[in-house]
Amino acid sequence: MTGPVPARIESELRDVFELLPGPAGAAGLLSLLTSTVDARLLDTAGPQLRIVANYGVGVDNVDLAAARERGVLVANTPDVLTETTAELAIALTLALLRRVAEGDRLIRAHMPWQFGLEFMLGESLRGKRFGIVGSGRIGAATARLAEALGATPVLVGRSGDLQELLTTADVVSLHCPLTPETRHLIDAAALAQMKRTAVLVNTARGPIVDERALVAALRAGAIGGAALDVYEHEPDVTEELLAFENVVLTPHLGSATRDTREEMGLLAVHALREVLLEGRSPANTVA
Ligand code: DGY
């Protein structure tokens, strides 16, 4: 394990495997997305290493080519976190559009306030064009939830028309993996194409957004706001973002429910068992 896991998952592991204090000599590695699994770590583990089970659906922390070269299989934890992550994307969107976090801050700061017909007006999601960048499982689940709330979802996959989405959407929600192609996909040029009232929501991976460009766009009023769960230099958050009232920030909570984290862990343990005890490739093999 490259970090602590829920007690139930650790006990599932202990039932069938010997847990080593470090990677050296391990046949399997249970990696957290905060650990970089690169050639160095794979070599530290040694040639007996057969599987890296990543405790997450995103595998941008794993050098897949280095694993492939060493004959190490890489598995992830898809499906079980799909709805949970989609829920957070919608929660962040609503928090931003309906000024939930801003209202909470106002009350906690003991600011004087009173109900008023024009006080803290926000925007409804109903009737909005909800742009989804990334047409995988989480993007599709987010689209379903957005539609249930009266928005019109528009999905763009790898070969879709991103420019059309950026110029027409009221919400731009990111759901693509982090790859060399998607790093800084949302840069100054992309932000400049968004409607001045549109909001950006990122529950995918931080480096998909150029945070400096985002700060500049927010400062210039070029977009309506942003809601971020992930950060370019996570866990560091660009300081300037903290000053904007029209920015909602959460600390990488996409899959953070007790049930989902356990299901993810069980899936990872299952992959380790399949490879190490049953000599089979798990269905959730990514490389
Ligand atoms: C993942 O699994 O990739 C998520 O980011 C975890 O919250």
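## Basis of the values

Because the model is predicted, local features need pLDDT of at least 70 and side-chain atom pairs count only at pLDDT 80 or more, while totals for chains, interfaces and linings use all residues. Residues are numbered from 1 along each chain as its sequence is written, and side-chain values use heavy atoms, with hydrogens and water left out.

## Ligand surroundings

Around the ligand are L33, G56, V57, G58, L81, R205, H252, S255, R261 and M264, where a residue is included if one of its heavy atoms lies within 4 Å. This shell has four nonpolar, four polar and two charged residues, with Gly counted as polar and Arg as charged, and with Val, Leu and Met among those counted as nonpolar.

Polar side-chain atoms lie 2.6 Å from a ligand oxygen atom for R205, 2.8 Å for H252 and 2.7 Å for S255. The protein buries 92% of the 230 Å² that the ligand exposes when taken alone (Shrake-Rupley method, 1.4 Å probe).

## Position of S255

S255 is buried at a relative accessible area of 10% (buried means under 20%, with a 1.4 Å probe and protein chains only). Apart from neighbours within four places in sequence, S255 is in contact (heavy atoms within 4.5 Å) with L81, T84, T85, T260, R261 and M264.

## Domains

The assignment, automatic or from a database, gives domain 1 (7-80 + 257-276) and domain 2 (82-249). Their C-alpha centres lie 31 Å apart, and nine residues of domain 1 are in contact with six residues of domain 2.

How values were computed:
A polar contact is a pair of N or O atoms within 3.5 Å; within protein, one must be able to donate a hydrogen and the other to accept it, and residues adjacent in sequence count only if both atoms are side-chain atoms. Buried means under 20% relative accessible area, exposed over 50%, partly exposed in between (1.4 Å probe, protein chains only).
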